[in-house]
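Q: I have a model open and would like to learn how to read it piece by piece. Can we go through it together?

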Amino acid sequence: MTIATPTVRFSAQFSRWRSRLFGLLGVMLLSSGCGDVPSTSQAVISDHGDLTINYVPSEIEEYQWIQESLEATEFFDDLANELNTEFAFPEDIEVFFAECGEANAFYDPNSVEITMCYELIEQYMKIFEDEIETQEDYDNEVIDAALFTFFHELGHALVDQYELPITGKEEDAVDDFATVLLIDVYEDEAAFLSGLWQFEGDAIEEQDHLDDLPFWGEHSLSSQRFYNTACLIYGSDPDEYEFLIEEDYLPSDRAERCPEEYEQKSRAWFTLIEPYLQGE
Ligand SMILES: [Zn+2]
């Protein structure tokens, strides 16, 4: 699978999501003259914080390249600015790209910090290393590999900061958040497919440890995260992503209800975060 250039474009994307979900309802309510049309005016909390991006230097050459690529593109700085415009945050959420000693990423509710480990980005890039030929390819791979994980961790931060009522596994819910945001708001196919292939890579590794899988874990198994993500992507546009069925990534038994599943998840996440979006 070829991974394309990141296509994230900013501004007014949340409004588009809003109109897709509420547009028809809004027109109906207006024309019948009753009820409240979901407004674009004011968040339910005051905006007391910002997302800030920090790059922690590393002694390791590979991580220096990752850091320099991330810094040079200013991609996450621009993304943070955009999110700060869209969301009212009760306090600052600091994001650290850093060497951690493990391939991981996490949100710490005590310090209100997201940490994105260079080790994890490096690990994900290895899945795609055959496709890296130029510096531009390299930069794009770094960003795409990091972006799905970033939105997953931001999902944890929003659940914590807004005390969002999540039922079911929070880990699954924030995978859904990352996927629907990249589909509906940023329309960044390269990034949500990167997320999908990351889960596929993890799922293949899982096959070597079938007797020792952490069924007790907070995360669903990587194979399940792969199928759940594939289902949302397919459900968002069955014609465009028919290859997921044709090439046996997604069984048709599951695929049948994926359009509904995608609509449900997209609407649920929008409903949860809409009160915290700031007006235009
Ligand atoms: Zn998580």
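**Reading the model**

A: Let's start with burial. A residue is buried if 20 or more other C-beta atoms lie within 10 Å of its own, exposed if 12 or fewer, and partly exposed in between, with C-beta atoms placed from the backbone. By that count, buried residues make up 36% of the 280 residues in the protein chain. Keep in mind that this is a predicted model, in which local features need pLDDT of at least 70 and side-chain atom pairs count only at pLDDT 80 or more, while totals for chains, interfaces and linings use all residues. Residues are numbered from 1 along each chain as its sequence is written.

Q: How many helices and strands does the protein chain have?
A: Helices (H or I, at least four residues) and strands (E, at least two) are DSSP runs, numbered from the N terminus. Here the protein chain has eleven helices and four strands.

Q: What share of the contacts with a separation of 6 or more comes from residues 24 or more positions apart?
A: Two residues are in contact if their C-beta atoms, placed from the backbone, lie within 7 Å. Among the contacts with a separation of 6 or more, 66% are between residues 24 or more positions apart.

Q: How do I check the length of a helix, say α3?
A: Work out the expected span, which is 1.5 Å times one less than the number of residues. Helix α3 (residues 75-86) has twelve residues, and its first and last C-alpha atoms are 17 Å apart, close to the 16 Å expected.

Q: Which residues of α3 are buried?
A: They are Phe75, Phe76, Leu79 and Glu86. Looking down the axis of α3, these buried residues fall within an arc of 80° (taken from the directions from the helix axis to the C-beta atoms), so they line one face of the helix.

Q: What covers the buried residues of α4?
A: First, the residues themselves: in helix α4 (residues 118-127), Tyr118, Glu119, Leu120, Ile121, Tyr124 and Met125 are buried. Their cover includes α2 (61-73), β2 (93-98), β3 (105-108), β4 (113-117), α5 (135-161) and α7.

Q: At what angle do α4 and α5 pack?
A: For any such pair, axes are lines fitted to C-alpha atoms, for helices over the stretch in contact, and angles run from 0 to 180 degrees between N-to-C directions. For α4 and α5 the angle is about 115°, with the axes 9 Å apart. Leu120, Ile121, Tyr124 and Met125 in α4 meet Glu141, Val142, Ala145, Ala146 and Thr149 in α5.

Q: Is the crossing of α4 and α5 left-handed or right-handed?
A: A crossing is left-handed if the near helix is turned anticlockwise from the far one by less than a right angle, and right-handed if clockwise. α4 passes α5 in a right-handed crossing.

Q: What does α6 look like in terms of span and burial?
A: Its 16 residues should span 22 Å, and the end C-alpha atoms of α6 are 21 Å apart, which agrees. As for burial, 13 of the 16 residues of α6 are buried, so α6 is largely enclosed by the rest of the structure.

Q: How do α6 and α7 pack?
A: Angles under 35 degrees count as roughly parallel, over 145 as roughly antiparallel, 65 to 115 as roughly perpendicular and the rest as oblique. Helix α6 (residues 170-185) and helix α7 (residues 189-206) pack at about 155°, with their axes 8 Å apart. They are therefore roughly antiparallel. α6 passes α7 in a left-handed crossing. Ala178, Thr179, Leu182 and Ile183 of α6 make the contact with Ala191, Phe192 and Gly195 of α7.

Q: At what angle does α7 pack with α8?
A: α7 and helix α8 (residues 222-236) pack at about 155°, with axes 8 Å apart. That makes α7 roughly antiparallel to α8. Their crossing is left-handed. The contact includes Phe192, Gly195 and Leu196 of α7 and Phe226, Thr229 and Ala230 of α8.

Q: Where is glutamate 187, and what is its phi?
A: Glutamate 187 sits in the loop between α6 and α7. Its phi is near 45°, a positive value in a residue other than glycine. With 15 C-beta neighbours inside 10 Å, glutamate 187 counts as partly exposed.

Q: Is leucine 250 buried or exposed?
A: Leucine 250 has 23 C-beta neighbours inside 10 Å, so it counts as buried. Leucine 250 lies in the loop between α9 (243-246) and α10 (252-255).
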